[in-house]
Each structure stands twice: as structure tokens, then as C-alpha cells.
Amino acid sequence: MMAREADPFLAGVIEGFYGPPWSPAERVELFDWMAKWGLNTYLYAPKDDLKHRTLWRELYSPEELTALGRCLAAANQRGLRFIYAIGPGLDIRYSRETDLDHLRARFEQMMQIGCRHFALLFDDIPDRMETADAKRWGSFAAAQCHLVNAMWRWTRERVPKARFLFCPTPYCGRMAVRQLGGAGYLATVGKELEPDIDVFWTGPEIISNEIEPGHVREVAAILRRKPVIWDNLHANDYDGRRFYCGPYSGRPPELRHEVAGILSNPNTEFPLNYVPLRTLATFLQSPSAWTAREAYLSAMQEWLAHFAVVGQPVTLEDLVLFGDCYYLPCGEGPEAAALCARAQRLVTLPPQQWGEDGRTFQQQATRLRDFCGHLAGLRDRALFQALHRRAWELREELDLLLSYVRSRQADPRAPFCSDFHLPGTYRGGMVARLQRLLTQRPDGTFVPGTGTSERQAAGGPITTLP
Ligand code: GDL
């Protein structure tokens, strides 16, 4: 299917995560996927591109501009809408005309290379203004609306058909309830922001497991326009140990009628986004019935082609089991969930009560640990690099559990020890130690964790190196 920039519904991808931005070649590969799958919009907003936020006042060098021009041309050639975003909110002075000049100069540079669509982002910034700004505008929302409206007018004079988007400081339900940005922020945006400007919204949470049409209707009523969903379901920049290759899910098809677009801000590691984006495209095009798991299995079948390895070929069955271990933020896929439940029974019950679980676990865990090892032979080295650390860690844990199960089978009372998992080296380090100090309960509250008594349990002081 051909992507159509003319379609007003924004369907596609935001490069809007923290961490290393995607490479030019990865962006071109993304555009190929998008054009093939019928996604129409790419938003350029890499948080850690210095000139996107920290150095937003500086102009691009000729080299940087040429590189961006190539990216833009690659999107245009495939019929995609390229939206350029800038995030000046870290230190902008809303009443300083020179700061508007900086924004105009940057937009002008982008227009020179053919860019026609723009966005101003005010997410993840200090929730306060300078005294002069506060005096002049009265509220954060009023100050931002003034600035964004001015930039919108200036842009539309030059590009009459420009699409223009705004990301508010409170951009999800929880932030709105906490009154981030001040009381009445969203209502002010609804009233003061030009009606042609689209507004981003991530759902009830920053990472929303579910987005219900009713929730979005309430937001739309306040904003006086249908929001564009900035979807962080597959974003993994907040957790270096995980990635998400589960299906686009937790959003009913009716949601599509309540929003002006859905853009996914996915995994930082580009090669891990095949299934997330493939299933987003399927969701956006499915008539009304939609089964996330079916879409996942079909996308996994396609992704399998990227798993050419040296030696025995990877099977779909193994890839699905592995993918289920890195499914979605709210939980594992069914096969990984079953493996975890089985492992839990084995460590809590005596071996005589294991029944079939003992054998099934050993078979499945061995298959999975072998698959993790097998990934070292991936011919697609970028995919290998993206997966390596996580697959290594998973294999390590499976090896430990497998030896534990074997040891208990042999002698349930014998103390278990592993020569490959040494204290301090295995699961060691400052972050692991800090993580053990507080345990989060399912209701979100934190309580002192196992690490608080670790010092006594370890029978000695915490080591301090000179
Ligand atoms: C956010 C950031 C986004 C980040 C994501 C996940 C928005 C609007 N902003 O809050 O850049 O990738 O969380 O960590 O979502």
C-alpha cells in the first residue's frame, strides 16, 4: 500500500525518545517500512540531538543541514509527511522577542531544505517561568499559547498548508490531575491555542497500557480539538534492561475516530521496532475486528526473515518464545508468562509436587537459553547489537534456574551454589544495590526492600574500594 501524505489523519512514527538518535540509514529503512505498510507521517524529535533541545538556539551547520535535507528528501520520495520538531522549553524566555527570532531562524533553515510541517514541544521541562514571563503572561499555558500561535502564524504565511503541532507540558491524564503546568492549563490551551494547531496527548499515563475512547473524548472536550496520540507503548528509553516487541494493543479500533492521529514513539534501538510498527499499521487499517495476538504472530513471521544466523536456522516457535519475554510494559506474552509461572512453582514447591512442570520447564528454558546463545551468529549485526545485552542477561538467569532445579532434583536439602554466578560480580554494582533498597508494591507504593538488611545478611560491611 502506498503511504499518502494528503491523508489528514497522522499515522506513523515519532523519533522522540531519549538516547542515541537513529542513524540516517535507519531512518531510510524506517521510511521504506512505513511506505510499504501505509503509515504516512514521521516526526523528527530526538530528545538527545543537542540542537533539538539543549542547544535549540544554535543554527545547523551546513553539514548538519545537508544531512537533514537528505532525510527529508527520503521521506518525501516515499510520499511521507516529514514534521520537524524543536523543544525550546528548557530555558526559553517567553517574553523575549530574540528567542522567537531564534525559533524563526531555525524554521527558516528547515524551510530552505523543503520542510513544510512543524511542531513545538514543551514536554519534560521545568514547571515554572521566569518572574518577567510570569508577570506578563499570568500562566504557563498562556505564555506557551502566545508563542506557539505566533510561530504558527509566521509559518502559515510562508507555507499555507503547513501542519503544526504542539506538545503541552501536562501531556497525560495523571499530569493533568496533578495540575502540572498550573491549574486550568489544558482549558487555557483549549481556549487560546489556534484551532488549526494539533495537540499531543499520551493517554491516561506517560506509558499508557490502555487508551479508551471515553478518556480521549473528555480530553478533546477540554482541548476543543481531537488530540494526536503520542504513543509511548513501545518506548524503552526509561529502562535499559527491556525492549518491547509485543503487538500494538490496549487501544480499541474505535479510538481511531476520536483522535487526529496516532504516532508511535518506539524503542530506542531501531532494529527492535519491526513488530511494534508493523502491528500499529495493521491496527490502523483493520476494519473493526482486531486481534493483537494474531497481528503479532503474523508480524513475527515477517520479522523472522531478519534472523538469518550462522548455523541452524532460527525457528518461528523460538522467536515467538523469545519475543514473548520482551512483550509489552504491562507484561510478558503468554508463552513467557507460562514459563515464569512454572519457574515460580519450581522454586517454591518441593520437587515431589512438581509433576510435569519440572520437565516442561527444563525443556522450554533450555530451548530459550540456546536461542539466546544462537543470536551471537546473527548476520544482521545491528540487530545483534540491539539484542545482545538483554539476551545475555536472560540466558544468565535461565542457566542459574536450570542448575538450581537440577540440584534440587538431586538433593532438595543440599545448599545450592553456582560457580558461574559469583557474589558481587553477578547482579552486582551500584544500581543493583540501590534497586534492592526499595521494593515497589503492585499499588505503586514503595517499602524497604531486601537490600536494606543485605549488610547483615552478607555477614559483613559493604565493600568500599579506594
Ligand atoms: C516522555 C517523553 C518522551 C519519552 C517517553 C518515554 C513524551 C511527550 N515525552 O515523557 O520523549 O521517550 O516519555 O520515556 O512522551
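Some ground rules. This is a predicted model, in which local features need pLDDT of at least 70 and side-chain atom pairs count only at pLDDT 80 or more, while totals for chains, interfaces and linings use all residues. Residues are numbered from 1 along each chain as its sequence is written, and side-chain values use heavy atoms, with hydrogens and water left out. Helices (H or I, at least four residues) and strands (E, at least two) are DSSP runs, numbered from the N terminus.

Let's begin with strand 4, residues 117-121. Buried means under 20% relative accessible area, exposed over 50%, and partly exposed in between, with a 1.4 Å probe and protein chains only. Five of the five residues of strand 4 are buried, so the strand is largely enclosed by the rest of the structure. On one side these are His 117, Ala 119 and Leu 121, and on the other Phe 118 and Leu 120.

What does strand 4 pair with? Two strands pair if DSSP finds at least two bridges between them. Strand 3, residues 81-86, pairs with strand 4 in the parallel sense over four bridges, and Ile 86 has Leu 120 as its bridge partner. Strand 5, residues 164-167, also pairs with strand 4 in the parallel sense over four bridges; here Ala 119 stands opposite Leu 165.

Next, the helix pair. Helix 5 (residues 140-158) and helix 7 (residues 185-192) pack at an angle of about 30°, their axes 9 Å apart. Axes are lines fitted to C-alpha atoms, for helices over the stretch in contact, and angles run from 0 to 180 degrees between N-to-C directions. That makes helix 5 roughly parallel to helix 7, a term for angles under 35 degrees. Contact means heavy atoms within 4.5 Å. Residues making this contact include Phe 140 and Asn 149 of helix 5, and Tyr 185 and Glu 192 of helix 7.

Now the loops. Asn 236, between strand 7 and strand 8, is buried at 3% relative accessible area. Among the residues that Asn 236 touches are Arg 242, Tyr 244 and Arg 390.

Most residues other than glycine have a negative phi. Asp 124, in the loop between strand 4 and helix 4, has a positive phi of about 50° and is partly exposed at 31%. Arg 427, between helix 14 and helix 15, has a positive phi near 50° and is partly exposed at 49%.

Terms used: Parallel < 35°, antiparallel > 145°, perpendicular 65-115°, else oblique. Lists of a residue's contacts leave out its neighbours within four places in sequence.
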